[in-house]
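Hello,

Here is the structure I promised to pass on to you. Have a look at it first, and then read on for what turned up in it.

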Amino acid sequence: MRNKLLWLVWITATLMGGGAVAATMHYGGDFRSVFLIGKTTSGHHQIEMACDACHTDMFGGIDALQKGCVTCHGDELKAANDSHPRSKFIDPRNADRVAVLDARYCVTCHREHQPGITNAMAVTLPTDYCALCHQDIAKNRPSHEGLAFDTCGNSGCHNFHDNRALYEDFLEKRHGEPDFKEVLLVALSNWTPPADQPKPERKALRALDADAPAAHRGALKHTADWAASGHAAAGVNCSGCHQPRKRTRPDEWVAAPAAKECAACHTAEAKTFTEGKHGMRQRDGLWVSRKDDFLGLFEDKGLPPMTPALARLPMKDDVHATALTCNTCHGAHKYDVKFAQVDACESCHADDHTKAFRMSPHNSLVDREASGDLPKGSGVTCATCHMPKHLVRDDYGTEKVFVTHNQNDNLRPNEKMIRTVCADCHGLRFTIDALADPALIKNNFKGKPAHHVESIDWVENRMRERARRQQQQ
Amino acid sequence: MTKKLTIAASCTALACAGVLAMGLGTPAKAGLFGSDDKKGVSYETFTDMLHLVMASDRAIYTKKVVARLAAKEKVIKASEHFEDEKALPLPAQMFRFGSEMVSSKTDKFAYQLLSLWPINKQNAPRTETEKKGLAFIAENKGEKPFYSEEELGGKNYFTAVYADVAVAGPCVTCHNAHKDSPRTDFKLGEVMGGVVIRVPMN
């Protein structure tokens, strides 16, 4: 009898324990971390508890993982004119290559939770992977004779996916550019819409125009800050943010408008914010809510905003718990763009590159612009490079400039910065060399590049050789 | 009258029986390429038809868009780097983009533009069939296509190779002048490469 009872207790406990484990895995909660099979890469670590973001289907195998990769990174690859698109490897004529390197799937090269074998760009293959298909490159490019098999991607010459600023004709066209261009201005900094483009009617508002009801007025400083902000200048009143559903719910007052209220107007900024490290935890669709599935018994809540405590880069000690929302950098009511460009970054980041900014040549341009010594658009702030402005044109030709809030967009590999930022002021040779010099990056570009990327010399050699052949003919 | 009715009824019955017999005799699902007891479209006809569409579209783009606007009217350039230079994509690029889109939508067929003298070395023949096919169409000056079967990655494919001929002046001048072109003596109307179409065989 006692044995039977013990068996019963044991089976019940096993079933309940197993059920709880399975439910935690399915529904979420802190305990979920026990299922992590290895340290997550720096690209994904802050969303590692949203397992479904990558594991889109429990039984979907590699295709379910691929779906997860493409959901977040697909557009980026398209925009980069991916040099190795999936379509190349689906092609039957490349079946032998696929047998060696199955590049139809992202996870062939980028395996998650494999810290021991994870290299730069979260590549988990040995670094000579280019040679698997291109080992005979020297046959057509004698300049590549004798190069080590692991130098293709880490020398500042090639990138597996994005070669928009690295292809030969691009180098050829820009090989002779001086280190510093004649006019040193950040492109788009002084952009205004074309004259023939319809502009929204805006009536600038003053403090007296504030339409917040007395009960919600708050401190006088709030009104004063707002009156001096771009919002007031653009005719956006208190109700614009605090009463997002003014027409349907006139009595509603949102005391602390969140990102979704900002997104109503700043759509591109809000979307790109959730594509970068600052806001990826808030990305739409990241968390699959299953609350209704199980009476809410298990914890099923989305990820809270990013905090410096979760970061893997050095951060200041006193801000570890600061939640990263729109207002963290922009400050409610004041929305001081200048603050968001440098001070906001410095208030959390404590790495050498950030700490060296104030003594950098780029910052001296900011100071000289502020003193009127240099024209508007001369200064180079943190945001200039890491959150550059983009000009977009819709299908009807209407132009708009927006500030990308995905600070990762051009960061890795840093050659992505060439076209989006550096080329505004610097020649290509100088830029490639500077971006390949880790010490120079660390001191925030104080000095000249100590590293030289030879690819531009090889391009020049080919140009000379071609000219010589043409002369002979 | 009765006799006429009987004949009419018999004819109708016979016709119905005939239709019924044909219907019963037809397999429920005959594939595009037929089944054991039903002949479908031959692989040759299928790839011929695909190629006709591809070649016609490309020729029209080359002549009516690129040659007209770039070479004749000179209102816009055509360039390999068409995005950077805000130009028209080259006809070969237009063709490749179509090929990539097809690959992303179906695995029922695939096609590529290859050459024995490719500007991009990745477009040189790789399989034995591609090598043989491109040599065949070059030798025959594009008069007839090349058909074969091959096994790739454990699957059998019907592979057809069609000559890709220089239809307009810019094809020749561009390929002869390109810094990566291994040949500089192409002439108008000459075979410059081939379109390889593959269909998996069940």
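A residue is called buried here when its relative accessible area is under 20%. Please keep in mind that this is a predicted model.

With that cut-off, strand 5 of chain B is mostly covered, since eight of its eleven residues are buried. This strand covers residues 155-165 and runs antiparallel to strand 6 of chain B, to which nine bridges join it. Two of the partners to look for in strand 6 are B:Gly194, which is bridged to B:Ala163, and B:Ile197, which is bridged to B:Ala160.

On its other pairing, strand 5 of chain B is joined by seven bridges to strand 4 of chain B, again in antiparallel fashion. There, B:Ser148 has B:Thr159 of strand 5 as its bridge partner. Strands 4 and 5 of chain B make a hairpin with two residues between them. In that turn, B:Gly153 has a positive phi of about 55°.

How far apart are the end C-alpha atoms of helix 3 (residues 91-105) of chain B? They are 21 Å apart, which agrees with the 21 Å that its 15 residues should span at 1.5 Å a residue. The buried residues of this helix are B:Pro91, B:Gln93, B:Phe95, B:Ser99, B:Val102 and B:Ser103. Within chain B, they pack against helix 2 (43-72), strand 3 (110-114) and strand 6 (191-200). They also pack against helix 3 (86-90) of chain A.

That brings us to the two chains together. In all, 22 residues of chain B are in contact with 23 residues of chain A. The area buried between these chains is about 1,900 Å², and carbon and sulfur atoms give 41% of it. Eight salt bridges are counted between chain B and chain A. One to look at is the salt bridge between the side chains of B:Arg126 and A:Asp96, at 2.8 Å from N to O.

How values were computed. Residues numbered from 1 in each chain as written. Chains lettered and ligands numbered in written order. Predicted model: local features only at pLDDT ≥ 70, side-chain atom pairs only at ≥ 80, totals over all residues. Heavy atoms only, no water. Helix = DSSP H or I, 4+ residues; strand = E, 2+ residues; numbered from the N terminus. Expected span 1.5 Å × (residues − 1). Buried < 20%, exposed > 50% of the residue type's maximum accessible area, 1.4 Å probe, protein only. Contact = heavy atoms within 4.5 Å. Pairing = 2+ DSSP bridges. Buried area = accessible area lost by both parts, 1.4 Å probe. Salt bridge = Lys/Arg side-chain N within 4 Å of Asp/Glu carboxyl O.
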